[in-house]
Every structure is written in C-alpha cells, then in structure tokens.
Amino acid sequence: MPIRGRVLVVDMPSKVEGWKDEIYGNEIRDHLFEFAEKGWDAIPEDEQDAWFERFKWWGLYHQRKGQESYFMMRIGTPNGVLEPGQLRVVGEITDEYARGPVDNPEFGGAYADWTTRQSIQLHWIKLEDIPEIFEKLEANGLSTIQACGDSWRNIVGCPVAGKDEHEHVDAWPVARQLHDEFKGNDAYSNMPRKWKVSVTGCDEGCGQGDINDLAFEPAVKEVDGEEVTGFNVRVGGGLSRKEPRFARSIDVFCTAEDAPKVSAGISALFRDHGDREDRFNARIKFLMDEWGPEKFRQVLQDEYIDYELPTAGEDLREEYTYNAGDGEHGDHVGVYDQPDGKNYVGLSVLTGRMGVDDVLELADLAEEYGSGEVRLTQRQNIIVTDVPDSELEAFLDEPLLEDYSPDPHPFMRGSLACTGTEFCSLSITETKNRMVRYARWMRSNVDVPEGVEDFHVHLSGCTASCAQPQIADISLRGMKTRKDGEPVEAFDIGLGGGLGEDPHFADWVEMRVAADEVPGYIQNLLADYEERREEGQSFRDFIAAHSEEELQEMGEPEETSYEDPYMHNTKMTWYPYAEEDDMGSSPAPTDGAGESLPADD
C-alpha cells in the first residue's frame, strides 16, 4: 500500500472492474435472457450502467441518449470470413429485427454496417428479440460472443487469406484456431480492457498488425538447418483517444503451430499485469511503454511460456503496401486471381453501410456466381470469392455492382466513417451520411491529381478512432466550433497518415474546421499538391516533405457549393434524421414491439 507524503493512497479497482467481479463472461448470457423475457423495464435504472457494460461481452452496446431500450449488436466474423449462406442469415436478421422508429435518409429503415475490424454491426435491436437472434446466428455458425467488452475481440487479418497469390503463409487457419481457442475461454474472458489481435500472412500487410495489441506478421527463420516460414510477434499497437502507438517487436518468432501458445502467454501476461485501476491506462500499449520490449519478453518467457522462445526471424514487412499511398492491391477492391484459377471480386462499399435489400441481393449473387462465401475487409468493403472465369463477366454486369463497384472513383473507394451521433454516445458529430455527401461532392467537383488511384479520407466522430483516422491521407476528427456566432459541428484535420513499409500517424494541422468548409479545404489542398509536388511524388510523401507551418498555409477551409444538413448539434438530438429531433420527441424507451412505454408516474 503506497504512502505519498502524508496521504495514504489505497489502490482500488475501477468501477467497471467491480461490476465485472460480480458477473462477467459466459454467465452474463443467462441474465441477458432473463431481462429479454421480462422486457426493458426489468433492468433497474440504478443498475443500467453495470448491465450495459456487461452486455458488451455478448456484443451489445446500448445506443445513445434518446434511444433508450435500443441496442447495437456486433457479430464477430473471424478474419472477415462469412461462409456460404451466412450473409443471407445476416440479411434476414437485419430485415426482421434491425428496424427502428425512423428511416435513415440514405440507407432506409434497415441496414448492415461492415466495420474496420471485419465485423458486422446492426442497429435498433430490441432486448426482447435477442434470444431469437442468438438462436438463428448460432444455428448458422455465427455469434456475438466477445464482439465487444474487455476480452478477445474479433481477430483480424488479410481478408483473402488462403485465396490470394501474395501470401507467404496462409493465415486463415491460424486466425480460425485462435478464434476457436479464445472465444468463450474463461481463462481469458476478463481482460483489463479490450484485446485486439491481428494475423497477417501476405505481402500487403492488410492485417494492420501495426495498430493491434498483438500482431503476428510474416517472417522466415532458419530452424534446425531448414528455413521455416512463420511469424514475428509485435505487441502494443492501437489508435484510441489521442495516444496512438505502433506495435513493437518483442524479438520473438513463432510457427503457425505455436501461435496459440504465444497468444495464451501474452494475453495472460496482460490479464495479470494490465492496469485495472485506471481504464484510460488499461491498454497493453501503456504496459509496453512502462516495461519496454526487453522486459516484456523476459516476463513472458519466465512466467508464461514453457519452451525457449526463438528470437525474431527475417522480417517480411518491407514488402508491405497496405494504405501506403501509392497504387496498391491491399484494399482488395477490384478483380483478382485466386490460386485455384477462380477469381475474387472486391466491392467498394461507401462508409461500409449496405441497405438490407442490397445485402440480400448480394447474398443471392454470391451464391449464383461464386461459392456463396464473402469476406469483409478492414476498409469496410466486401469481397465475393470463388467466381469462375466463365461467370465473371456476367457477375460484373449485375446492376448491383453499379452502386458497389470493383472499379470505383478514388474518393468513393477510400472514404470511411464510424457510427457517429446517429447511435453512438461518444460521438460529437454526424458521420456516415456526411461522409457519403462529402465523397459524392468531391467526385463531382474535385480534380483527382494525375496518377492518384487510392486516396483515403477517414472520418471519425470523436477521438476514439473507430474510423482509424490517424492512418489516412486526410484524417477528420469530430469537434465543435462556432460559425457566425452559432455552434456548429466541425473537424480537426490531419494529413499524411498511413501504414505500409514506413508507417506514419497523421499530423494534425488544422483544428475545428466547420463541417461545411471541409470539402473546400480538401479541394484546395489537392490543388496545392498538384501544383507543388515533385514529379512522381505521392501525396503522402508530399505531406512528409513539408513542415507543419507550410502545410497550414495550404488548403484553406472554404465554403463551396457543398451543402451540409447536419451542421447543428446532432449530439443533442434523439436521432439526427428525425423530423422532430429534440429529445422530447423520442419514442424511447419502447417495449419489444417498438411501442412507447408509459412514463413513470
């Protein structure tokens, strides 16, 4: 018990740790089903925060103020793989259970979101429907288990692992094994905070290991006189809040067979040594800051691994191109050969959201032209696999692909957005519909500099970094400002982020730019880039070649023909797109049929 000066300081677990000590992990399910049977009113008001925190372990986030009794549901799809038939199941659940009281003006009454962690999010889920949804998911090999919460999150990796010609090692069996071993495993069910794992086996680095807590990245090493392909291990990456870190090498090589042992050791180390007193400091990146890679490796070896850990092998990261800013294959948008002679077709999904009718139609097309399998990417896109040459032309001629193109405009291809104030309590600004409007306006009004094929604009509604803004060419982070004396939504603007061979976080050069002046800023910045760049210089290299002061002199914010209907404070509305959007007009909370519950007397 430390004593500082004359004040006795007692280290205590955080409030969330107290809730988890009472009930956590698999046992939450029984309580969840009891509440579902009795309805929203069965959750005592003074216990709601505790139960909402626990529900996350089963993939459920309670939605924002004004939407009481509605939940976001996240479905985990390891490595982004949806096996034949599963996309249809997602569409059917969306159609039946994910309709709210107000339609979204861009996406309609029901839609599915593909996320930056290769998962699926549905909205407007009612507590009373959860047992039926779980039954249908689990009957078809899908689950929400540990899709959120302080546990092993969805394992990410190259979305075409096992179906790509750019692989050093097929990472899909490794990701699948880790998923099977650690999802629902009581020994690793209660971590200090979320636990994000990436497995990469390809040239591009599209597993994004740099920004994960634990990353397996391709490497080769001589073992007993033979060259073995496996993984080097990195630990401590992440983007959250304003504390981004790249994962750091711990000088460990492991084979595919040993990846579960190494994963168990490192996650147990975090479980035992991570900070449970201060949730802000509870991510493993802060433990890595404190210990450094050498101590981390030594503790891992001495306390958690029962064989001699090999030192790191020859790193293959120098081949990485994912999100590097040059013409790249890493986002998998387009038509590509599979090793078996078939093709996979990567479709661009603007902001990662598809209306339910499109989800069901794509499920039909995947079955008609391919094997029925689809895969989700960390760019919020979707891939149809196993399309034979004989079916490829007909598939590419399908009308649905006009909206979800394998050959999109650069501004449509690279535009990402998080959930925003539509549903998220943390967000400060509206995001998805705004990013749709930004991208469409830029496509029609902004000249694409010569040679630019990939251009990434990531829009995040707050500092939580769900849209991964720090690794984009142009990064947008939700804020507020005043314009003409009125409070309006705004964005901090960062430039030059990206992964690849030489990863770099964006430099934040403009603060609190009014939302309706952002497209003009981008237009002016790209004009400056076109005029001033050296021959063949990529946008990312151009940004790196200029000082912050020089960058602040470029790309002036400016009003244009772009019009933004979401400039008001959407955080203070019950739903940003409702005709009557003040908090008092909300129908929530509602019962299982969506009917408003009577107010307490």
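Strand β10 and strand β11 (residues 226–235) pair in the antiparallel sense, with 10 bridges between them. Strands are DSSP runs of E with at least two residues, numbered from the N terminus, and two of them pair if DSSP finds at least two bridges between them. The model is predicted: local features need pLDDT of at least 70 and side-chain atom pairs count only at pLDDT 80 or more, while totals for chains, interfaces and linings use all residues. Residues are numbered from 1 along each chain as its sequence is written, and side-chain values use heavy atoms, with hydrogens and water left out.

The hairpin of β10 and β11 has 2 residues between the strands, and D224 takes a positive phi near 55° there. Strand β10 spans residues 214–223, of which 8 of 10 are buried (under 20% relative accessible area with a 1.4 Å probe, protein chains only). The pairings of β10 are listed here.

| Partner of β10 | Sense | Bridges |
|---|---|---|
| β9 (residues 197–199) | parallel | 3 bridges |
| β11 (residues 226–235) | antiparallel | 10 bridges |
| β13 (residues 314–315) | antiparallel | 2 bridges |

A219 has D315 of β13 as its bridge partner.

Taking a disulfide as a pair of cysteine sulfur atoms within 2.5 Å, the count is 0. C148 is in none, and the nearest cysteine sulfur, that of C466, is 10 Å away. C148 is buried, at a relative accessible area of 0%. C158 is also buried, at 1% relative accessibility.

How values were computed. Buried < 20%, exposed > 50% of the residue type's maximum accessible area, 1.4 Å probe, protein only. Helix = DSSP H or I, 4+ residues; strand = E, 2+ residues; numbered from the N terminus.
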